[in-house]
Amino acid sequence: MDSEHAHAHPGELRRVSACAGVILAPNPGPMTLDGTNTWILSGPGSDPEHPNYGSHPSAQGRGSWPGSDVVVVDPGPEDLGHLQAIADVGNVVLILVTHRHGDHTDGIDRLHEMTGAPVRAVLPEHCRDGEPLSDGDTIVAAGMRIQVIATPGHTSDSVCFRLPHDEPETIITGDTVLGRGSTMIDHPDGSLGDYLRSLTVLARHSGAMVLPAHAGPLHDIQEVCDELTEHRLERLDQVRSVLNELGRGASSRPSRTPSTRTSPRACAAPPSIRSRRSSPTWATDGRSPREGRNGQPTGPQGQHCPATPGCRRRSAPARSSARGA
Ligand SMILES: [Zn+2]
Ligand SMILES: [Zn+2]
């Protein structure tokens with residue numbers, strides 16, 4: 001991995017903005033890339049109605065970060081070391097979930113037991129002592145205001161969390177924006193149409209920094225979403241032209257013909273996303289862009305290919321434990 005995509009190290013809390021930091025889970029794989037990010041949020045602890053709300057004292061060299069109360073987004077896998085690192089950060093007052101996949105949710109019960117904090121997600125089966133999330137909800141916790149934005153597409157229950165008062169403004173995107181490559185549209189509830197609409201919704205928050213689930217932060221969300229949209233539309237055009245060539249007898253069954261490689265699920269990222277710079281606050285680990293965490297090749301352009309059948313054939317073998325990405 002080069003410095004442009006440098007990521008945190010598992011178990012370490014890495015701060016990326018006035019109110020947000022990340023602990024990387026130790027679950028790297030073809031579908032989880034370097035691993036799943038658990039985001040740790042902690043605000044200034046003042047009244048959200050105060051005019052200086054969001055101007056975290058530690059951002060001006062005063063006070064400490066994180067504050068005593070923290071919100072956790074995506075506990076990640078059920079890895080005791082990872083969950084203990086999260087619990088040790090501070091007083092966990094709330095646990096939020098971006099979507100249903102196991103690499104984000106398997107640690108819910110253990111972290112709930114360890115901290116007593118309520119868990120909120122879109123799907124009731126992931127909630128513990130908390131209400132399900134809905135689009136437009138505003139959550140006030142740990143001295144912050146957190147807005148819920150419904151972003152179906154990767155899965156039907158996908159949501160993003162916006163911190164409008166963070167410095168800079170930040171949006172935790174889950175797998176809707178992975179941080180590298182283009183996300184999968186999961187069967188049976190994922191939808192390409194929903195995904196494209198969700199990218200349009202996110203792009204309205206121009207200037208916000210992306211805090212993705214499987215890579216370091218990206219600037220800025222409008223550019224990222226515009227490029228991802230352009231990439232998908234290009235793929236759709238390719239599919240349409242292949243279908244036109246094949247005619248009405250075209251089959252959706254996998255084959256070895258070149259046409260299957262132009263599926264809308266194909267995951268190669270647009271070049272500008274591949275080269276986008278991460279936040280300078282992100283650590284480097286010195287790996288080559290063509291190496292995975294275990295030194296394995298990661299795809300045709302040095303890219304991991306999370307759960308995209310067309311690309312899985314050409315990259316490192318998928319691990320069954322990583323299918324939840
Ligand atoms: Zn996912
Ligand atoms: Zn994921």
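**Basis of the description**

Helices (H or I, at least four residues) and strands (E, at least two) are DSSP runs, numbered from the N terminus. The model is predicted: local features need pLDDT of at least 70, side-chain atom pairs count only at pLDDT 80 or more, and totals for chains, interfaces and linings use all residues. Residues are numbered from 1 along each chain as its sequence is written, while chains are lettered from A and ligands numbered from 1 in the order in which they are written.

**The sheet**

Six strands form an open sheet in the order S1-S2-S3-S4-S5-S6, with mixed pairing; two strands pair if DSSP finds at least two bridges between them. At the edges are S1 (13-15) and S6 (119-120), each of which pairs on one side only.

Strand S3 (residues 37-41) pairs with strand S4 (residues 69-73) over 3 bridges, in the antiparallel sense. Ile40 has Val72 in S4 as its bridge partner.

**Helices on the sheet**

Helix H1 (residues 80-87) packs on the sheet and touches S2 (20-24), S3, S4 and S5 (91-96). Contact requires C-beta atoms, placed from the backbone, within 7 Å. The direction of H1 makes about 160° with that of S2; axes are lines fitted to C-alpha atoms, for helices over the stretch in contact, and angles run from 0 to 180 degrees between N-to-C directions. Helix H3 (residues 108-115) lies across S5 and S6, at about 155° to S5.

**Leu202**

Leu202 is in helix H4 (residues 192-203). Leu202 counts as buried because it has 24 C-beta neighbours inside 10 Å; the cut-off for buried is 20 or more other C-beta atoms within 10 Å, with C-beta atoms placed from the backbone.

Not counting residues up to four places away in sequence, Leu202 touches Thr151, Cys160, Ile171, Ile221 and Cys225. Cys160 is 42 residues from Leu202 in sequence, and their C-alpha atoms are 8.8 Å apart.

Conventions
Contact = placed C-beta atoms within 7 Å. Buried ≥ 20, exposed ≤ 12 C-beta atoms within 10 Å, placed from the backbone.
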